[in-house]
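This briefing goes through selected features of one model by topic. Please keep the sequence and the 3D view at hand while reading.

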Amino acid sequence: MNNHNPHNYTEPRQDETPAVEIINARKSYCIGEMEVPVLQGIDLAIRRGEFLAIMGQSGSGKSTLANLIGCRDHPTEGEIRVLGNAVNKLSNDELAHLRGEIGFVFQTFDLASEMSVFQNVELPAIGCQKHGYNPEKRAKELLELVGLAGHIHHKPTQLSGGQRQRVAIARALVNDPAIILADEPTASLDTRTGDEIMKIFRDLNRDGRTIIMITHDPAVASHADRIMYVKNGLLADGNT
């Protein structure tokens, strides 16, 4: 792990502490003088090594919930704990350190078009202080893992949508994160390619990764071990 260990930051432990714990989280946004509630009291524990799908229609609050889980926003009320760390008690530097334990995969891929596939994957690892860590070697290993070893010098514009999403997954893994947070990872892909991407996520989960996937697609959500629904700012178990 990174040798820098801020005072409030706890290194991830392989114990029974949930990967993510959300306690009575509420989130509102101010539009002018009006306060608009988005999340209205969310309680959720995500086990380490779990594959969880969070479903909801557009505007339901699922993307807001994803931002809280990913330490990209704070709740208006309540508490978010990620890998045992109370997010609201961390400094900006400590938050950045914690975000390094989360690999993000987005619907739009978010790849740098002027960089090669290899450079895109390696970029988040530059400056990583993990002992004995070799970003170049790790990037090559991950591109081989996702079936793109022969495309390392290509630019993203030279790849198909499915290949670009594979690059995004490799990039998300380059710092060896404990959690993968995927927001609509197959929404821009055809069904066959989406199934191939979901197989990669399943394989990563079998290797012990915690996968949290935001989706509106029941077929995609069916790959998860557990499904939760966000509706009108509230959370419900999909298995009840």
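Helices (H or I, at least four residues) and strands (E, at least two) are DSSP runs, numbered from the N terminus. By that scheme, Thr64 lies in helix H1, residues 62-69. The model is predicted: local features need pLDDT of at least 70, side-chain atom pairs count only at pLDDT 80 or more, and totals for chains, interfaces and linings use all residues. Residues are numbered from 1 along each chain as its sequence is written, and side-chain values use heavy atoms, with hydrogens and water left out.

**Helix residues**

- Thr64 has a relative accessibility of 11% and so counts as buried (buried means under 20% relative accessible area, exposed over 50%, partly exposed in between, with a 1.4 Å probe and protein chains only).
- Apart from neighbours within four places in sequence, Thr64 is in contact (heavy atoms within 4.5 Å) with Lys27, Tyr29, Val38 and Leu39.
- Ala139 belongs to helix H4, residues 135-145, and is buried, with a relative accessible area of 0%.
- Leaving out neighbours within four places in sequence, Ala139 is in contact with Phe118, Val121, Glu122 and Val174.
- Ala139 and Ile152 are 13 residues apart along the chain, and their C-alpha atoms are separated by 9.4 Å.

**The sheet**

- An open sheet is formed by 6 strands in the order S6-S7-S8-S3-S9-S10, with mixed pairing (two strands pair if DSSP finds at least two bridges between them).
- Strands S6 (102-106) and S10 (234-237) stand at the edges; each has a single partner strand, so one side of each is left without a neighbour in the sheet.
- From one strand to the next, the twist averages 20° (axes are lines fitted to C-alpha atoms, for helices over the stretch in contact, and angles run from 0 to 180 degrees between N-to-C directions).
- S6 and strand S7 (residues 179-183) run parallel and are joined by 5 bridges.
- Gly103 has Ile180 in S7 as its bridge partner.

**Aromatic rings**

- The structure holds 1 aromatic pair (rings of Phe, Tyr and Trp, its six-membered ring, pair if their centres lie within 6.5 Å; planes under 30 degrees apart count as stacked, over 60 as edge-to-face and the rest as tilted).
- The pair is stacked, because the rings of Phe104 and Phe106 have their centres 6.1 Å apart and their planes at 0°.
- Phe104 counts as buried at 17% relative accessibility, and Phe106 counts as buried at 19%.
- The charged end of Arg72 sits over the ring of Phe104, 5.4 Å from its centre (NZ of Lys or CZ of Arg within 6 Å of the ring centre and within 35 degrees of the ring normal).
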